[in-house]
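User: I'd like to go through this structure with you, starting with one of its residues. Can you take me through it slowly?

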Amino acid sequence: MSACWPLQGLTPAQKSVLISLADNANDEGVCWPSVAKIGERTCLSERAVQQAIKVLSECKVLRIEGRQGRSTMFTVTPAAFAPPQKVRPRKKCTPAANAPTPEPAAPQPPQDLHPTPAAAAPRTVIEPSVEPTGNLLPADSGQPDDEAMCQEACRAIWAAYSAAYHTRYGTAPVRNAKVNRNVRDLLKRLGAEEAPAVAAYFVGINDARLINGCHSIGDLLVKAEAYRTQWATGAQLNGTTARQIEQTQANANAALAAAKNLRGKGEGGKNAFL
């Protein structure tokens with residue numbers, strides 16, 4: 001998406017379709033949403049989406065691959081962007097090749113320059129055309145503060161999680177914009193060094209609730225620090241284990257209370273059995 005935003009010469013509809021495809025694409029720029037789904041996300045009609053896709057293909061910013069019996073596969077290629085003439089209109093000052101030469105215009109009287117505004121006059125503030133870039137992560141977190149490093153760390157986290165997920169479930173996990181935000185949040189909370197290992201460890205946890213949810217990365221984010229502790233200590237804790245520990249503590253508390261009660265009985269405050 002960051003490579004597609006700066007592209008110029010596209011209409012709002014074409015840019016909207018391109019950004020929607022880039023948002024759905026994986027690290028290789030490949031995605032396969034339906035035309036109806038693209039239209040739903042961009043608020044465009046299916047005809048408008050199809051026309052935009054055709055122009056994007058002509059601009060070489062999109063490769064289209066039809067798959068028999070399956071949805072069309074798109075590959076977003078912003079580096080190859082070359083807008084055609086009909087997308088990037090000719091400048092007004094450049095006449096067409098066959099346009100007649102216009103007659104010279106009559107000389108106009110010189111125009112007075114705009115006077116300098118008074119000191120109390122309101123001044124127009126020109127906003128910068130490019131948004132400033134800043135650190136996405138806290139400066140004192142010890143995590144990468146450069147966007148490129150952040151993206152590289154996110155790719156490492158996803159690669160570790162995806163490999164473990166495929167090993168367990170035999171298929172690749174779903175990746176979309178929400179999942180990408182979860183991966184980035186996980187990086188902020190655990191750091192670039194430990195997050196990939198914790199993500200892979202998480203998929204191997206045998207817990208009924210996690211298995212029912214197919215070990216979604218959203219569940220990992222809910223208790224990321226707890227799963228990091230389990231990974232670091234090698235002590236896997238699920239619902240059953242937690243209840244057993246809780247029952248053990250309850251039994252110990254009951255035994256301690258019983259011992260104190262017995263010490264208060266017997267002659268002279270001495271327990272007859274102890």
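User: Is Trp-158 buried or exposed?
Analyst: Bear in mind that this is a predicted model. In it, Trp-158 has a relative accessibility of 9%, so it counts as buried, because buried means under 20%.

User: And Tyr-161, buried or exposed?
Analyst: Tyr-161 counts as buried as well, because its relative accessibility is 2%.

User: Where do Trp-158 and Tyr-161 lie?
Analyst: Both lie in helix α4, which covers residues 147–169, and they are three residues apart there, about one turn of the helix.

User: How many aromatic pairs are there in the whole structure?
Analyst: A search of the whole structure finds four aromatic pairs. In one of them, the rings of Trp-158 and Tyr-161 have centres 5.5 Å apart and planes at 45 degrees, so this pair is tilted. Ring pairs also join Trp-158, Tyr-161, Tyr-165 and Tyr-169 into a cluster.

User: Changing topic, what volume does the largest pocket have?
Analyst: Its volume is about 1,000 Å³, and it is lined by 26 residues, with Met-1, Ser-2, Gln-151, Asn-180 and Arg-184 lying nearest its centre. The elements that give two or more residues to this lining are α1 (12–24), α4 and α5 (177–190), and α5 provides the largest share, five residues.

User: How do the residues of that lining divide?
Analyst: In the lining of the largest pocket, 12 residues are nonpolar, seven are polar and seven are charged.

User: What about the second largest pocket?
Analyst: That pocket has a volume of about 380 Å³, and among its 16 lining residues, Asn-24, Asn-26, Trp-32, Pro-173 and Arg-175 lie nearest its centre. Both β1 (30–31) and α4 supply at least two residues of the lining of this second largest pocket.

Terms used:
Residues are numbered from 1 along each chain as its sequence is written. This is a predicted model: local features need pLDDT of at least 70, side-chain atom pairs count only at pLDDT 80 or more; totals for chains, interfaces and linings use all residues. Side-chain values use heavy atoms; hydrogens and water are left out. Rings of Phe, Tyr and Trp (its six-membered ring) pair if their centres lie within 6.5 Å; planes under 30 degrees apart count as stacked, over 60 as edge-to-face and the rest as tilted. Helices (H or I, at least four residues) and strands (E, at least two) are DSSP runs, numbered from the N terminus. Buried means under 20% relative accessible area, exposed over 50%, partly exposed in between (1.4 Å probe, protein chains only). On a 1 Å grid over the protein atoms alone, a cavity is a set of points where a 1.4 Å probe fits but cannot get out, and a pocket is an open set with protein on both sides within 12 Å along at least five of seven lines; lining residues have an atom within 4 Å of a point. Grid points are joined across faces, edges and corners, and a volume is the space filled by probe spheres set on the points. Ala, Val, Leu, Ile, Met, Phe, Trp, Tyr, Cys and Pro count as nonpolar, Asp, Glu, Lys and Arg as charged, and the others, Gly among them, as polar.
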